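Reader: I would like to learn how to read contacts and helix packing from a set of coordinates. Please show me the structure first.

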Amino acid sequence: MATNSVVPGQITTIERHILDQQLIHPEATGVLTSLLYDLALAGKIIASRTTRAGLAEILGSTGEENVQGEEVQKLDVFADLTIYRLNDHTGRVAVMASEEHPDIIPIPDHFPTGKYVLLFDPLDGSSNIDYNVSIGTIFAIYNRKRWNGPGTVDDCLQKGRDLVAAGYIIYGSSTMMVYSTGHGVHGFTLDPSVGEFLLSHPNIRIPEEPKYYSVNQGYQTYWTEGVRRYTEWLQGHEGQRKSLSLRYIGSLVADFHRNLLAGGVFYYPADTRDPKRPHGKLRLLYEAIPLSFLAEQAGGYASDGRQPILDIQPTHLHQRTPLFIGNRDLVEKAEAFIREYDVK
Ligand code: AHM
């Protein structure tokens, strides 16, 4: 029997699990528990829309562009609003920031502020919505830095090492929520018949023997020599013990989730395709940091090719970063190739 399966008769809801995790911290007041549960609720609401996408006439674009210059999909707007509205009035959050907004999202004056900072990518991989490909929500939670007044941009610009919790909700063949508060990574599958996330993947560890490498190889001509040679090594050239299979969905949560369970490495390196984006496409705050936290909690590692993602001090809200994430030895090998061929 797989170690990750639920023992029959022992059903653990996400609420029960978060409460149990809270017992590890005797000083905890239950606020984080409630915040995580609010995010689980947001996931359920968003999932209810993603599964009805075509029917509910919400496929397609609003015709607007977001701060990244990309077309905003209607479901992005819905997901963004859902997370905001569930968290603006609870007194748990001091400030929010979302991939869809150019600036921080303050808590309205007439609502109380709380001790946490919530960062999120409401619907990652949204260019895949029209094609029924898995998409996801990613979140990161920090303590606020100062204890009074409204939350600030500084509260949002914290290193990944300071994270309190992070996770994602994947909308795929089933809906899953995967999270960590720094005590392992745990996965829950939404049972639509009871409307609850049930523990299905306790204590996820990235398998030691990796299966996959995941990268958009269509951009190969724009890569550095180090990244090109690293890819050849993954394919079995240059002394790699066994070639890995290529799997690339183009939806970060889905690519990460598969590699978390099967073992492997995902990378979106810096490339020369667009001079305005010398650091690749992915966002440090909303994508790279929270997933890197999960990777490390599952025994893996994440790097920008030169340093651990979790050690990077963010300088602005929409900062982009190269990302190599997955099995520790595979990510360290990427660093080694980059050190040898790219660092001048
Ligand atoms: P999005 O925010 O527009 O959805 O872009 C992020 C997505 C990631 O989910 C994925 O890893 C990446 O973009 C794929 O990009 P590409 O199509 O360049 O390979």
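Reader: How far does a polar side-chain atom of Lys 281 lie from an oxygen atom of the ligand?

Author: A polar contact is a pair of N or O atoms within 3.5 Å; within protein, one must be able to donate a hydrogen and the other to accept it, and residues adjacent in sequence count only if both atoms are side-chain atoms. Here the distance from the polar side-chain atom of Lys 281 to a ligand oxygen is 2.9 Å. For Asn 216, a polar side-chain atom is 2.8 Å from an oxygen atom of the ligand. Ser 126 uses a polar backbone atom, 3.0 Å from a ligand oxygen.

Reader: What should I know about the model and its numbering?

Author: This is a predicted model, in which local features need pLDDT of at least 70 and side-chain atom pairs count only at pLDDT 80 or more, while totals for chains, interfaces and linings use all residues. Residues are numbered from 1 along each chain as its sequence is written, and side-chain values use heavy atoms, with hydrogens and water left out.

Reader: Which residues come nearest to the ligand?

Author: A residue is near a molecule if one of its heavy atoms lies within 4 Å of it. There are 16 residues around the ligand, and Gly 125, Asn 216, Tyr 248, Leu 252 and Tyr 268 come nearest.

Reader: At what angle do α2 and α3 pack?

Author: Helices (H or I, at least four residues) and strands (E, at least two) are DSSP runs, numbered from the N terminus. Axes are lines fitted to C-alpha atoms, for helices over the stretch in contact, and angles run from 0 to 180 degrees between N-to-C directions. Helix α2 (residues 31-50) packs on helix α3 (residues 74-87) at about 155 degrees, with the axes 9 Å apart. That makes α2 roughly antiparallel to α3; angles under 35 degrees count as roughly parallel, over 145 as roughly antiparallel, 65 to 115 as roughly perpendicular and the rest as oblique.

Reader: Which residues of α2 and α3 meet?

Author: Contact means heavy atoms within 4.5 Å. In α2, the residues include Leu 35, Leu 39 and Ile 46, and in α3 they include Phe 78, Ile 83 and Leu 86. The contact divides into 11 nonpolar, 3 polar and 2 charged residues, where Ala, Val, Leu, Ile, Met, Phe, Trp, Tyr, Cys and Pro count as nonpolar, Asp, Glu, Lys and Arg as charged, and the others, Gly among them, as polar.

Reader: How do α1 and α2 pack?

Author: Helix α1 (residues 14-23) and α2 have their axes 10 Å apart, at an angle of about 155 degrees. These two helices are therefore roughly antiparallel to each other. Ile 14, Glu 15, Ile 18, Leu 19 and Gln 22 in α1 meet Thr 33, Leu 36, Tyr 37 and Ala 40 in α2.

Reader: Why are α5 and α8 oblique to each other?

Author: The axes of helix α5 (residues 225-234) and helix α8 (residues 328-341) come within 8 Å and cross at roughly 140 degrees, so the pair is oblique. Among the residues that meet are Trp 233 in α5 and Phe 337 in α8.

Reader: Where does Lys 211 lie?

Author: Lys 211 is in the loop between β10 (196-201) and β11 (212-214). From Lys 211 to Gly 263 there are 52 residues in sequence, but 5.5 Å in space, C-alpha to C-alpha.
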